[in-house]
Amino acid sequence: MGRASVPAWLLLCLMVAAGCSGAASGTAHPRATPPTIIVSTSTTTLADTPAERALQLTHSLPQAYRDACHQLLANAPLSARACPPLAPQGPLEVRAAGPIAPSGGYARSYVLDLASGSLDTIRGRSVNSNGGHWTISAARGRAARTVLNEQLHAALGVRRARCRQLRLAGEPVEACQVPISDDGYYSGHIAYAWEHRGVVYHITIHGHANEPRVALMMAALINQVISR
C-alpha cells in the first residue's frame, strides 16, 4: 500500500463518536447505513481454542455484530467478507457503521466502530483500551484505500506509526503501532492491514498490548476470506 497525501476533510470523515482521537464535537461521522436486520441461518460455530479463550475471544458472535457484518457484506461496491469470525467476548456496542463517505470512490469502503468491555483486560492484567474501542474497515478503489492507508500511518500526527511486515495464515500483513495523538482515527491503536484481490482489510484495537488479539482475529479473517 503506497503512501499519498489526502485532504484533511477526507480523513475527518472517518472520525466517529467516541473515536480514540478525542476530537471536538462536530467532527464528521461515517454515514450510517439504514438498519437492516438479517438473522443468520447458520448453526455451525467453531469451538474456541484455549489460546482464544485466554485472550477472551470467541467464535460465538453476538447478534449485533452479525447484523452489522451483514450490512457490510450487503454493501454492493465492496462485496467483501471483512468481519473476522472471531470477536471479543461479552456485550458489544456498535457505535457507527457505514462508508467513509456517501459518494464517489469513498463509498467503496466500510467502517465498523465497535466497543467491547472485555478488551479492558488481557490475561488478567488491566490495559488501556479506551472503553474497549476497536474497529473493522475494508476498502476497494484508490480513493477509499488511500484514506485508510493515511489513517493507519497517522499522517496528521507529529509521530509516525511503527510498522513492520509479517505473515499470518501464509499471507503478508502490515502491523502498525499507531502513536497516541490529537489526530487520526486510529490514534493509540494496534492495527493490522491485509490486502487481497483489490480489497484492503483493517482490524484495530486501542492499546498496543492488545496485539495478540488482533493477530488471532486477522488470521481468522484471512482463513475465512481465502477459503471462500
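User: Which residues of helix α3 (residues 63-73) are buried in this predicted model?
Analyst: Buried means under 20% relative accessible area. The structure is a predicted model, and in it strands β2 (87-88), β3 (92-98), β4 (109-116) and β7 (133-140) are among the elements that cover the buried residues of α3. The residues of α3 that count as buried are Tyr65, Asp67, Ala68, Cys69, Gln71 and Leu72.

User: How many residues of helix α4 (residues 142-152) are buried?
Analyst: Helix α4 is mostly covered. Its buried residues are Ala144, Thr146, Val147, Leu148, Asn149, Glu150, Gln151 and Leu152. Arg145 is partly exposed, at a relative accessible area of 25%. Out of 11 residues in α4, the number buried is eight.

User: Which residue takes a positive phi in the hairpin of β8 and β9?
Analyst: Strands β8 (residues 162-168) and β9 (residues 171-177) run antiparallel and are joined by seven bridges. Leu168 has Glu171 of β9 as its bridge partner. Two residues lie between the strands, and the one with a positive phi, near 50°, is Ala169.

User: What is the N to O distance in the salt bridge of Arg95 and Glu93?
Analyst: Arg95 is partly exposed at 25% relative accessibility, and Glu93 is partly exposed at 43%. Their side chains meet in a salt bridge, for which the N to O distance is 3.7 Å.

User: How many residues apart in sequence are the parts that Arg145 and Glu195 tie together?
Analyst: Arg145 forms a salt bridge with Glu195, with the closest N and O atoms 2.3 Å apart. Arg145 lies in helix α4 and Glu195 in strand β10 (residues 189-196), so the bridge ties together parts whose separation in sequence, in residues, is 50.

User: Is Glu211 buried or exposed?
Analyst: Glu211 forms a salt bridge with Arg164, the closest N and O atoms being 2.7 Å apart. Arg164 lies in strand β8 and Glu211 in helix α5, so this pair ties together parts that are 47 residues apart in sequence. Arg164 is partly exposed, with a relative accessible area of 40%. Glu211 has a relative accessibility of 13%, and because the cut-off for that class is under 20%, Glu211 counts as buried.

User: What is the mean pLDDT of the protein?
Analyst: Over residues 1-19 the pLDDT is below 50, although this stretch has 58 contacts in the model beyond near neighbours in sequence. Residues 21-43 also have a pLDDT below 50, with 44 such contacts. Across the protein, 76% of residues reach 70 or more, and the mean pLDDT is 78.

How values were computed: Residues numbered from 1 in each chain as written. Predicted model: local features only at pLDDT ≥ 70, side-chain atom pairs only at ≥ 80, totals over all residues. Heavy atoms only, no water. Pairing = 2+ DSSP bridges. Helix = DSSP H or I, 4+ residues; strand = E, 2+ residues; numbered from the N terminus. Buried < 20%, exposed > 50% of the residue type's maximum accessible area, 1.4 Å probe, protein only. Contact = heavy atoms within 4.5 Å. pLDDT = per-residue confidence, 0-100. Salt bridge = Lys/Arg side-chain N within 4 Å of Asp/Glu carboxyl O.
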